[in-house]
Amino acid sequence: MKLDKDLKPKFSRRDFLKFLGVNLGIGTFYLSGCSKLLDGFDSKTNFNFEAIAVNTKDELVLPKGFSYEIIRSWKDPINTEELFGTNNDYLAFFELTKNKALLWVNHEGIDIKLIPDYQEQRLSVGGSVIAIEKKNGNWQYSNDKDLQKEYNCRYDANTPVAYSGAAASILGEYKGTLANCSGGVTPWNTVLTCEENYNFFPEKYNWQDFDERYYGWVVEIDPYAKRSKPIKHTALGRFAHENATTILSKNKKLVVYMADDTYDEHLYKYVSRDAYKGEKKASHLLENGNLYVAKFDEEKKIGTWELLDISDLRLSKVFVSQGELLIETRKAAKLLNATPLNRPEDIDISPYDGSVFIAQTQNPAKNDFHGSILKLKENDNDYEALEYSYEYFIEGGEEASLSCPDNLCFDDKGNLWVATDILGSDLNNGLYEYHGNNALYVIPLAGKEAGIPKRFASCPLGAEITGPCFSPDYKTLFLSIQHPGEVAGSKWPNGFEPRSSVVAINLN
Ligand code: FEO
Ligand code: CA
Ligand code: CA
């Protein structure tokens, strides 16, 4: 099936109310990235703020009454020997005590103008663990030297890594994680950091002797165990992994929704073989399970999950083992006629009814310039289901007042937060001029403003907002401001040089 210009998302207020009306018994929720079950959910309590105007300032602009604090910026020290990485993306919050926590931070691509040195480039990607603490009601970077010594550390392109699953015996051990875009959190409190555009490293950054097979995986790291060895779980496939959104099924199996952020690539789902029994460590659930790819029926608005397994004759004709199949996941997906999507990006799960929301950024070759958000409903509300129905939740464009949705996150009131990723070269130009800089929107799912995107934040020049993440009490919003000055001109945040930074916004 192809998503072409005739397949237009049809979003109306009536559809939206239909969407709101459902509240069904679904799988077990726990903190998964940013979504969790809403105890005592009250649809009347929307998050109130005065939407900001379209903006082209070189600043992180917030609504009246809100301000931000910088947690860390590229090149800031995080301990006595390591520096905070560049291009911060996915954020995950790990509690230590009531007023102390760890923040996991992904570091995605590099700007070779800012970091021309190859060895420095290798040290600038991957991820960071940093300790934060709450003072006077605000979360900030912790200057506690003991805490820094115990936890703060970097993972980069030189860190030794191991592989699990069927491709592990082919790959052995290697070094490095890179292109870390979005991610997820497991029920046992480890982070899943996703290797996305690994191909940029040889193609755009000119890294020599780059063996792509070792990258493009979902990587598990325990942020509480300083410099513990990252495990790349090959059972979850190899592609430009945007994210790894986790949830437990009714039978307590671990289900992971994953998007391949490339034009005409696919949507995947992983289901663990065994159930989660509440163990403190359960990485084995990411080692044995089934990997599926989505096939959409555009006429009927339904779809099926196709199993990527070597027992399928269409696949065993081409691949000699499950390990080789996983290394070439995209090729296997195409042999099963998986549906090409318009650059699928982040995924989050609605606390209203358990629907799976999937951002598609755009696909100009298919006349999709503004992207959309899909809403997928598994049959019988069962995350292990092999069939689903779907609809378009929202279509990007001037009418919706947002283009190119990328990062998604639900808050405790069920509002959907959406960050846009218009390419730096397109920002404030032509079709995208109406939009101004990249921005963060709140889409209320209830009340008078239901379904209407409200602009909450506007980025510095050339930047995008990534990694939206709430503190467990939802009183603080952490954001990654990534690649200010990607095109030219930004001096955010320090007035002399663009530096990607993580910020905290007090929502009280
Ligand atoms: Fe790294 Fe798909 O955004
Ligand atoms: Ca993203
Ligand atoms: Ca993106």
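**Close-up views of a calcium pair and a hairpin**

**View 1. Protein donors surround the calcium ion (ligand 3).** Glu345 (OE), Asp406 (OD) and Asp421 (OD) are the protein donors of this ion, lying 2.3 to 2.9 Å from it. Donors are N, O and S atoms within 2.8 Å of the metal (3.2 Å for Na, K and Ca); water is not among the atoms, so sites may look incomplete. Along the chain, the donor residues follow the spacing E-x60-D-x14-D. The model is predicted: local features need pLDDT of at least 70, side-chain atom pairs count only at pLDDT 80 or more, and totals for chains, interfaces and linings use all residues. Residues are numbered from 1 along each chain as its sequence is written, chains are lettered from A and ligands numbered from 1 in the order in which they are written, and side-chain values use heavy atoms, with hydrogens and water left out.

**View 2. Glu345 bridges the calcium ion (ligand 3) and the calcium ion (ligand 2).** The two ions lie 3.7 Å apart. Glu345 belongs to strand β18 (residues 344-349) and Asp406 to strand β22 (residues 405-410), so the pair links parts of the chain 61 residues apart. Strands are DSSP runs (E, at least two residues), numbered from the N terminus. Glu345 has 0% relative accessibility and counts as buried, a term that means under 20% relative accessible area (1.4 Å probe, protein chains only). Asp406 is buried as well, at 3%.

**View 3. Protein donors surround the calcium ion (ligand 2).**

**View 4. Strands β13 and β14 form a hairpin.** Strand β13 (residues 245-248) is covered on both faces, with Thr245 and Ile247 buried on one side and Thr246 and Leu248 on the other. Strand β14 (residues 253-259) runs antiparallel to β13, joined by 4 bridges; two strands pair if DSSP finds at least two bridges between them. Thr245 stands opposite Tyr257 in β14. The strands have 4 residues between them, and Lys252 in the turn has a positive phi of about 65°.

Notes: Buried < 20%, exposed > 50% of the residue type's maximum accessible area, 1.4 Å probe, protein only.
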